[in-house]
Amino acid sequence: MIGREHDAELLADPGRVVPRLFLPGEGVASSHSRAAEIVRRVLEIPAPELETLADDLVEVFSARIDDAPALFASHTEAVSSRLGSETSITPAQSIVLGASFTAEYAVEGAALCNPSAVEHPDQSGLQDGQLRVAVALRAIGEGHISSIGFAEAVIGPGDRWEFDERVTPLTPPTISEGRWDRSHFERSLEHEQHLNELSSAVLRRLPDSFTPSDLETALAGIPDQLTRHRDSRADRDTLRSTAVSAYVAGFAANSALSQRILLPVADEEDHGMEDARFVRSTAADGSVEYRATYTAYDGQAIAPRLITSPDLASFSIHRLSGSAARNKGMALFPRLIGGEHLALSRTDGQNISLARSSDGFDWSDLGIVHRPVEPWEMIQTGNCGSPIETERGWLALIHGVGPMRTYSLGALLLDLDDPRTVLARSATPFLAPTGERRNGYVPNVVYSCGGIVHDGTLWVPFGVGDHRIRVLSLGVNEVLDSLVPC
């Protein structure tokens, strides 16, 4: 190993929970909704006992739920059809009813791993030589379902990385409609092989930019002959699910970054949002935004998706399409090259390839740039975050999978003007799962989704055993000098 491993560490915290609507009996084939019986039982509790129970619930859970009474009231509203139109309830009944249909979910109940570091949007209040860093995290909870969480850290002064204490309670976002470009919507349908007469008829009725609400208007205007066709219901469901897969997740501006959690919303991410690779991206006009790719998993299939954000408080989330948007591990370059968006990807599942896009949404494959060469990467290889620009080329952190499914970290150096050209590579990994790094939720794994350079030092937060987060620092020139010319 080259570089220095620091004492900084993040561990999964099972106390970081989010409240979710809980409907007992639903989703189980042999059961049925028990909502009516539960409502009846709550309303039969004597008033004094109910008041005490309501007070206890608010006192106990307010430390972990922001505005617990309002949350309970919203869940009472969700089952209000069981109350009957003539039934009025007291505030205490509303709290107990809502709590009866609420369950906490520990987003890090199983593990915390695969960090991605990027410059924080707020650099105020720092000493000379310091940099505040935003760290995206893969939080794994019950059922191995992943969400995207965040932490904050400060680098410096000098050779120092310190994680800030993470803030609770967690605050799930407000979800609102996303917006589609009609041409991208068409390419997405084509990507999933859903272009047919009905979808074409709908496309003709959509404006150039539209929301899911606009789609409903277009669906209402298609010819009756198409709506009565045998497959029309499935076709319309596909159009709707595609449209709502784009959404905006917004957080209060005064919430701490570490309170924010991106939970699965769209159908294709129902079983997890994995391994977000964030980058601070500069457009051709000099404007800056945060962009990230992540892997959506629906329980059967995976797909890369895109996050864009101006401030890490509002996140627009979208599908990607094209021949290069078919596997895990896309990582975006931080700026346009030759007027195009570029990304490292792993289209075939085992080699690192390069992808291009004119709009950042539809991606085509430019071919393989690196195949497994050394024993430590003989099973497969892939990137570990967005390439970092240096005077000598693009420094791309990579991982290799070797015998015993051992994940190690190395690097490539790519040409600045033509990243298809590999100038140098790691012959041996600079970080491997040795000693205590062998143990974890998934043994024999060290993995990162992106490092950051500050004052000539490369800082690499990394997951150990898909279980905890550690930090490695290496001199940029130290890394570059360790690479073998190709």
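1. In what follows, Ala, Val, Leu, Ile, Met, Phe, Trp, Tyr, Cys and Pro count as nonpolar, Asp, Glu, Lys and Arg as charged, and the others, Gly among them, as polar. By that scheme, the lining of the largest cavity has six nonpolar, two polar and four charged residues.

2. Please keep in mind that this is a predicted model, in which local features need pLDDT of at least 70 and side-chain atom pairs count only at pLDDT 80 or more, while totals for chains, interfaces and linings use all residues. Residues are numbered from 1 along each chain as its sequence is written, and side-chain values use heavy atoms, with hydrogens and water left out.

3. The structure holds one cavity of 30 Å³ or more (on a 1 Å grid over the protein atoms alone, a cavity is a set of points where a 1.4 Å probe fits but cannot get out, and lining residues have an atom within 4 Å of a point). About 40 Å³ of space lies in the largest cavity, a volume being the space filled by probe spheres set on the points, which are joined across faces, edges and corners. Its lining includes R16, E108, R166 and R260, together with L112, L137, F150 and I261.

4. The largest pocket (an open set of grid points with protein on both sides within 12 Å along at least five of seven lines) has a volume of about 570 Å³. Of the 27 residues that line this pocket, P334, I388, E389, I452 and V453 are the closest to its centre. Strand β13 (273-282) is one of the elements that supply at least two residues of the lining, and β13 gives the largest share, four residues; strands here are DSSP runs of E of at least two residues, and helices runs of H or I of at least four, numbered from the N terminus. The lining divides into 13 nonpolar, eight polar and six charged residues.

5. Helix α1 (residues 35-43) and helix α4 (residues 91-100) pack at an angle of about 145°, with their axes 10 Å apart; axes are lines fitted to C-alpha atoms, for helices over the stretch in contact, and angles run from 0 to 180 degrees between N-to-C directions. In contact (heavy atoms within 4.5 Å), I38, V39, V42 and L43 of α1 meet Q93, V96, L97 and S100 of α4. The residues of this contact divide into six nonpolar, two polar and no charged.
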